[in-house]
Amino acid sequence: MVAYSFKKRFAPLIQDGLKCQTIRARRRGRSRHARVGEALQLFTGMRTRHCHKIIPDPICNRVYDIRIRVPQSMEPCQVTLGGETFYVTVDFARADGFESPNDFTQFWFDTHGAGYFEGVLIGWPRPDL
């Protein structure tokens, strides 16, 4: 079982089934990301006294290598996923918890700066509502 911590802003979107994926940097050393078929633990505030499990443990149903080009200007990020390269779409941005491609790009710029980010996209099925 692999645990992931999320910013508080994403918790309601995960609970509502609107955010069913996360993008993470590659892990180093002995630590690893989830594999398809493994349970995921999704928290806010990990390693603090405010730690809270967001939803019951979903099962990972997809793991893809991802590369994101974060531009210096506010053009949308360019994503390479599963061998396909595209500019962030509204659907992709919303699946990751953002309202728009601009919101996605602003978050990535503020968090990582301009340049390339390489990591993995980890997904889980939308819960039955």
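Where does P71 lie? P71 sits in the loop between β5 and β6, and I come back to this residue in point 7. Some notes on the rest of the model follow.

1. **Ground rules.** This is a predicted model, in which local features need pLDDT of at least 70 and side-chain atom pairs count only at pLDDT 80 or more, while totals for chains, interfaces and linings use all residues. Residues are numbered from 1 along each chain as its sequence is written, and side-chain values use heavy atoms, with hydrogens and water left out. Helices (H or I, at least four residues) and strands (E, at least two) are DSSP runs, numbered from the N terminus.

2. **The three-stranded sheet.** You will find an open sheet with the strand order β1-β3-β4 and mixed pairing. Its edge strands, each pairing on one side only, are β1 (2-6) and β4 (52-53). Two strands are taken to pair if DSSP finds at least two bridges between them. Strand β3 (residues 40-44) runs antiparallel to β4, and two bridges join this pair. At T44 the bridge partner in β4 is H52. As a reminder, strands of a sheet pair through backbone hydrogen bonds, either parallel or antiparallel.

3. **Helix α3.** This helix (residues 101-112) has 12 residues and reaches 16 Å from its first C-alpha to its last, close to the 16 Å expected at 1.5 Å a residue. The expected span is 1.5 Å times one less than the number of residues. Its buried residues are P101, F104, T105, F107 and W108. They lie on the same side of α3, because they cover an arc of only 160° around the axis. That arc is taken from the directions from the helix axis to the C-beta atoms. Buried here means under 20% relative accessible area, exposed over 50%, and partly exposed in between (1.4 Å probe, protein chains only). The cover over these buried residues includes β2 (21-25), β5 (62-70), α2 (90-95) and β8 (115-123). Just after α3, G113 has a positive phi of about 80°.

4. **Salt bridges.** The rule asks for a side-chain nitrogen of Lys or Arg within 4 Å of a carboxyl oxygen of Asp or Glu, and by it the count comes to seven. A pair worth a look is K19 with D96, at 3.2 Å from N to O. This pair links distant parts of the chain, with K19 in the loop between α1 (11-15) and β2, and D96 in the loop between α2 and α3, 77 residues apart. K19 counts as buried at 3% relative accessibility, and D96 is buried too, with 4%. Another salt bridge joins the side chains of D65 and R26 (3.1 Å, N to O). Here D65 is in strand β5 and R26 in the loop between β2 and β3, 39 residues apart. R26 is partly exposed, at 44% relative accessibility. E38 and R32 also form a salt bridge, their closest N and O atoms being 2.6 Å apart. In that pair E38 counts as buried at 17%, whereas R32 is partly exposed at 32%.

5. **H33 and its surroundings.** H33 belongs to the loop between β2 and β3 and is buried, with a relative accessible area of 13%. Its side chain makes a polar contact with the side chain of Y4 (3.0 Å). For such a contact, a pair of N or O atoms must be within 3.5 Å; within protein, one must be able to donate a hydrogen and the other to accept it, and residues adjacent in sequence count only if both atoms are side-chain atoms. A polar atom of the H33 side chain also lies 2.7 Å from the backbone oxygen of A25.

6. **A backbone detail.** R47, in the loop between β3 and β4, has phi near 65°, a positive value in a residue other than glycine. Most residues other than glycine have a negative phi, and most peptide bonds are trans. R47 counts as exposed, at 80% relative accessibility.

7. **Back to P71.** P71 is buried, with a relative accessible area of 3%. Not counting residues up to four places away in sequence, P71 touches P76, C77, T105, F109 and A114, where contact means heavy atoms within 4.5 Å. P71 and Q106 are 35 residues apart in sequence and 9.7 Å apart in space, C-alpha to C-alpha.
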